[in-house]
Amino acid sequence: MSSLLFFSAAVQAGTPLLFATLGEILTEKSGNLNLGVEGLMLIGAVAGFAAGMATQSVILAILFAAIAGAAAGCLYAFLTVTLRANQVVTGLSLTIFGTGVSGFAGKYLMGLVLPESMKAVFVNFRVPLLGSIPVLGDVFFNQNVFVYFGYLLAIGMGLYLSYSRYGLNLRTVGENPYAADASGIQVSTYKYVHIMIGSAISALGGAYLSLVYVPAWQENVTAGRGWIAVALVIFAMWSPYKAILGAFLFGGLDIIGFRIQSMDIAISQYLIDMTPYLVTILVLIMNSVFKKRDQAPGALSVSYFREER
Amino acid sequence: MLRIAKRQSISKRKSAFIRISGILSALVLMSFFLLAMGLNPFKVYGAMIAGCFGSFYRFRQTIELMIPLSLAALGIMIAFKMKFWNIGAEGQILMGAMAASFVALNMPELPKPVLLTLMGVAGLLVGGLWAFIPAIFKVKYETNETLFTLMMNYIAIKFVIYLQYGPWKDPGAMGFPKIPNFVDGAIIPELFGVHIGWVILIALTVLFYVLLNKTKLGYEISVIGESQNTARYAGMNVNRVVLLSLFMSGAICGLVGMIQASGVAGTLTSGLAGGMGYTAIIVAWLSQMQIQFVPVIGLLFAVLVQGASYIQTAFQIPQSAAEILQGIILFFALGSEFFVKYTLHSIKESKTKEKVKGAAYE
Amino acid sequence: MNVIELKNITKRFGTVTANDHVNFDLEAGEIHAILGENGAGKSSLMNVLAGVYQPEIGEIYLRGERVTIPSPRHSIKMGIGMIHQHFKLVECHTVLENMIAGVSGKFFMNQKKLSKEIEDLSERYGLKINPNARIDTLSVAEKQRVEILKVLYRGAKVLILDEPTAVLTPQETDNLFEILRKLKSDGHAMIIITHKLDEVIAISDRITVMRKGVKIKTLINENLSPRELTNEMVGKAVELTIECPATDCRNTLLNVENLRILNSDGRPVLGGISFDLSGGEILGVAGVAGSGQKELCESIAGLETIKDGQIKFNNSDITGRSPREILELGISMSFVPEDRLGMGLVAGMDLVENVLLKSYRDKKGLFVDREAAKAHADLLVDKLNIDTPDIYTPVRQLSGGNIQKVLLGREIEMQPELIITAYPARGLDVGSAHKVYDLLNEQKLQNNGIMFIGEDLDVLLEISDRIMVLCEGKITGIVKADEVSKEDLGYLMAGRSLEGGHSNA
């Protein structure tokens with residue numbers, strides 16, 4: 001029984017990672033590497049919580065978090081797409097800025113508690129039919145609505161990228177912006193739109209933390225999850241479907257510390273805390289040693305300028 | 001309609017003008033925020049300066065911030081010159097500090113000069129190793145160094161926390177998870193009231209300036225950084241130079257860790273680096289890959305941080321405001337680079353009549 | 001009626017004027033060739049039509065109406081389709097994905113239906129292609145077909161082809177011309193950019209000659225001779241003859257035995273090559289681009305991994321050695337690569353720093369001797385007439401010809417016994433090109449050996465003593481330059497052999 005609970009908790013712990021990863025996948029598919037995911041999550045967390053406290057409405061809270069994320073994404077897009085700034089440094093700056101803004105705004109939110117009416121929205125419920133499947137049903141389909149939203153988003157993104165025209169155009173932009181331009185695709189527009197949407201999704205990952213998982217605003221509520229997400233994108237090989245797997249795996253590793261303690265294994269919790277990062281390094285190494293066809297978008301982190309001569 | 005064109009070349013004066021204008025614009029923008037909070041920007045900026053240089057104590061604080069920032073930036077710059085995006089300075093600093101602490105805690109009876117030298121060497125070696133590991137994988141398998149070095153940071157922090165709560169926990173601290181303080185023999189001496197880190201900074205700045213601009217190795221580093229193909233073609237042993245440079249990069253950060261542990265904290269804590277590794281990246285980037293600017297930009301950032309800390313109590317402005325200002329300055333600096341590299345023209349637009357074509361075949 | 005008219009088009013890049021008040025028109029249903037040497041401004045002009053470049057001055061008229069073309073999207077909407085010299089395809093996507101990208105339609109793509117549409121289109125024009133093949137599995141000629149289909153699918157009535165035959169064998173060129181004639185009979189108008197005279201005469205209705213950014217004249221293709229056209233292209237009557245002095249030293253400098261090289265997918269790029277090169281001779285190397293020339297040069301210079309075989313220089317084995325090791329062995333070999341700014345020079349550095357590239361180890365100790373390099377750089381500028389503001393200007397700002405002079409000059413100053421040079425005259429104006437040939441002949445007379453990879457068969461025939469022809473990684477023939485004709489070389493390049501006699505000239 002306790003195993004099932006553990007896996008179920010892993011899904012919950014993995015959900016913020018899933019959102020952050022999905023958002024970054026979309027951004028990277030457009031050819032831009034955004035290292036500011038941690039900042040985006042923090043912005044989403046503080047914006048969502050603040051809106052929630054102010055309006056007492058879950059929908060508005062989530063909406064506001066998404067908009068805040070999109071705004072930050074717009075800033076990042078403006079710098080890297082229009083002004084062709086260095087993407088690594090811009091992303092790092094966004095993290096610093098996001099940490100500052102959220103810390104500043106969050107000062108007024110410390111210690112506040114969400115109203116019960118809002119907490120009630122995120123109560124677990126079973127999905128009819130799917131929830132009755134033994135084992136899988138208990139783990140995956142007896143969760144709160146935010147988690148289900150995560151599944152839908154991942155599947156939706158996967159379908160979008162593989163089967164829709166816009167998805168194809170986006171992939172072309174990320175692989176070879178010169179080819180995209182010559183085909184008549186508006187490279188900048190595609191980048192802007194998808195970076196902003198991707199940033200909004202990543203911000204929602206932060207909102208999940210402050211509205212559902214903790215739920216509260218704390219400084220550093222994200223605890224580095226944004227950085228893990230950047231690695232998860234690679235682990236998932238830029239596939240939204242694989243991101244589901246990766247996010248829950250890492251979610252599990254995140255909480256495994258407590259479980260092991262209660263099982264009287266004499267490994268320090270702090271050493272176990274290291275495992276997600278060790279695993280990611282392992283994945284990084286494996287991906288590069290056993291080089292399959294390159295899965296990274298061909299033009300990732302390259303600024304595009306039409307009149308290259 | 002505005003059109004963008006790449007500049008062929010730009011005078012040093014013009015580029016400096018553009019960059020400085022960018023930073024000034026950031027300060028102006030911040031002033032608006034301060035006004036919105038009901039504060040007088042000039043008073044605030046003035047207080048920031050006073051908070052850095054107003055008394056010897058404050059001046060020392062500023063310098064103590066500047067030293068590790070600039071030193072780490074020096075190290076990072078060497079890596080960046082190789083187009084190796086080393087964002088692992090944070091971890092390299094911590095691991096260097098850990099190594100130095102290991103020496104300090106286990107050999108306290110050694111005479112001071114010996115002990116300090118050993119600590120320095122330990123910091124250099126382990127910091128260098130911490131950068132070397134991702135470097136080897138980059139060289140051999142093209143593993144993405146940005147993410148590898150990032151993960152190494154987290155491992156380093158978690159490892160130090162582990163030590164702090166576990167094997168190195170101070171039994172005399174009444175249950176509080178803390179590593180014991182160093183003996184006096186493990187504390188680096190002061191010169192003119194500030195720990196000799198500043199001497200090390202000056203020495204290394206000069207050393208690296210000469211290294212990068214006048215020596216064969218420095219020449220190889222710049223060629224490899226610009227074009228590995230060309231370097232290989234010219235017969236350079238690219239891998240050897242890359243690995244050596246990246247080891248040096250990490251080693252300097254490791255030395256920073258030793259200096260911080262020995263000269264500032266007097267012990268090892270998980271918060272020893274405190275985000276400095278990331279700020280140093282920005283200092284390195286803002287210095288435009290020129291060694292001589294590093295101490296200057298480092299000082300500017302130290303002023304920012306120290307000043308912010310000072311006005312926190314004076315004006316009740318939270319620490320996060322400093323981060324916001326840092327972020328804004330960076331955005332403007334990044335944005336102004338655009339104007340250094342490109343120019344804008346306007347072209348007259350005439351009526352565009354588009355002929356829409358059907359499919360090519362009927 | 002004119003389908004397209006360009007008036008007074010002027011395009012500048014910094015201080016370089018690529019197009020200088022150019023007038024051009026295209027009539028309905030015609031094939032119009034734009035002829036000119038490298039740097040004449042042909043591609044720039046067409047890029048204006050394609051919406052890639054914006055002219056500083058000038059007007060564009062489409063069927064008599066004034067238009068502007070601010071982006072490729074607008075160009076496509078107007079029915080103009082450009083097939084670029086360097087294909088703009090996504091290698092890891094399929095043909096279908098490349099063709100559909102950017103085309104509007106239903107949100108979710110119906111793969112089957114679209115596949116059928118593409119197949120129908122390709123049948124119609126004889127452009128056989130498999131819609132589900134990945135681009136990186138296709139041959140160069142097939143990729144070109146995809147590019148042509150791409151523009152046709154988007155409704156192009158005007159096609160612009162930029163140097164379409166540069167990467168094709170003579171037989172593939174004939175296929176392409178068949179396709180173009182079919183398109184013409186279907187009502188399309190075409191512009192072909194090229195510098196190949198024979199092709200121009202074979203396919204075009206009218207010819208516009210450009211030189212150094214200026215339009216010289218437009219001719220109707222009736223009773224024209226290649227000589228006439230060359231004169232227009234080049235300006236004054238230029239000696240097409242290049243010297244080929246005789247030498248008698250015949251010591252074997254380079255000996256290559258059964259060289260095999262594989263590419264990253266494990267497929268053979270060079271499949272067992274053997275040949276000799278002697279001091280005092282120029283060995284020309286001919287072949288369609290991608291036949292293995294690049295890998296051959298780089299493997300000798302130590303920059304490419306060798307699967308099998310042996311390379312000997314003056315009897316010392318240098319197989320698989322790195323450039324560093326070759327240097328240390330005391331071997332004086334010079335490689336002037338095709339990729340000038342990406343390999344031979346550091347684009348962002350100035351002349352002094354680039355001269356240092358080969359000589360920085362000369363001074364003993366830790367430090368670099370920049371004074372010596374400065375003197376060296378001044379010497380080069382003087383001796384070769386290099387056109388540069390000063391020796392501190394980054395080399396990427398120099399024109400193609402001057403960049404080559406820097407590169408070649410630096411290498412020759414080192415007095416190498418063997419010079420391997422890939423496309424040394426590409427992009428150079430006639431004067432500079434002849435200077436390069438003179439330099440190489442000078443070296444030959446000093447009994448040094450030269451391996452000359454070239455694309456201009458006329459030049460190869462004149463300058464080489466012997467010519468080695470590569471086709472798909474194999475040697476199809478090593479012939480004496482004065483015993484073969486251009487057609488013979490074309491045959492060999494296409495993989496056929498010269499059985500017994502030679503082709504009818």
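Predicted model: local features only at pLDDT ≥ 70, side-chain atom pairs only at ≥ 80, totals over all residues.
How many Å separate the centres of domain 1 and domain 2 of chain C, taken over C-alpha atoms?

1. Domains of chain C. The centres of domain 1 and domain 2 of chain C, taken over C-alpha atoms, lie 33 Å apart. The assignment places domain 1 at residues 2–234, builds domain 2 from 239–332 together with 416–505, and gives domain 3 as 345–414.

2. The sheet of chain C. Six strands of chain C make up an open sheet of mixed pairing, and their order is 6-7-8-3-9-10. Strand 6 (80–83) and strand 10 (214–220) of chain C are the edge strands; each has a single partner strand, so one side of each has no neighbour in the sheet. On average, neighbouring strands of this sheet are turned by 15° against each other, direction ignored.

3. Strand 3 (residues 31–35) and strand 9 (residues 206–211) of chain C run parallel and are paired over four bridges. C:A33 has C:I207 of strand 9 as its bridge partner. Helix 6 (residues 170–185) of chain C packs on the sheet, where it touches strand 3, strand 7 (158–162) and strand 8 (189–194) of chain C. The direction of helix 6 makes about 150° with that of strand 8 of chain C.

4. Is C:T247 buried or partly exposed? C:T247 is partly exposed, because 17 other C-beta atoms lie within 10 Å, whereas a buried residue would need 20 or more. Leaving aside residues up to four places away in sequence, C:T247 touches C:G280, C:K444, C:L445 and C:N447. C:N447 is 200 residues from C:T247 along the chain, yet their C-alpha atoms are separated by 7.6 Å.

5. Chain B as a whole. The secondary structure of chain B consists of 13 helices and four strands. Its C-alpha atoms fill a box of roughly 90 × 60 × 45 Å along the principal axes. Of the 362 residues in chain B, 49% are buried. Among contacts in chain B with a separation of 6 or more, 78% are between residues 24 or more positions apart.

6. Helix 12 of chain B. This helix (residues 294–315) has 22 residues and reaches 30 Å from its first C-alpha to its last, close to the 32 Å expected. Its buried residues include B:F301, B:V305, B:Q306, B:Y310 and B:I311. The buried residues of helix 12 pack against helix 2 (41–53), helix 3 (56–81), helix 7 (197–214), helix 11 (276–286) and helix 13 (319–341) of chain B. Just after helix 12, B:Q316 takes a positive phi of about 60°.

7. Contact between chains A and B. Here 38 residues of chain A meet 38 residues of chain B. On the side of chain A, helix 4 (87–106), helix 11 (225–235), helix 13 (269–273) and helix 14 (275–289) each supply at least two residues. Helix 4 of chain A gives the most, with twelve residues. By residue class, this side of chain A holds 24 nonpolar, ten polar and four charged residues.

8. Contact between chains A and C. In this case 21 residues of chain A are in contact with 20 residues of chain C. Helix 8 (165–175) and helix 9 (177–182) of chain A are the elements that give two or more residues to the side of chain A that touches chain C. That side divides into seven nonpolar, seven polar and seven charged residues.

Terms used:
Residues numbered from 1 in each chain as written. Chains lettered and ligands numbered in written order. Buried ≥ 20, exposed ≤ 12 C-beta atoms within 10 Å, placed from the backbone. Contact = placed C-beta atoms within 7 Å. Nonpolar A, V, L, I, M, F, W, Y, C, P; charged D, E, K, R; others polar. Domains from an automatic or database assignment. Expected span 1.5 Å × (residues − 1). Pairing = 2+ DSSP bridges. Axes fitted to C-alpha atoms, helices over the stretch in contact; angles between N-to-C directions.
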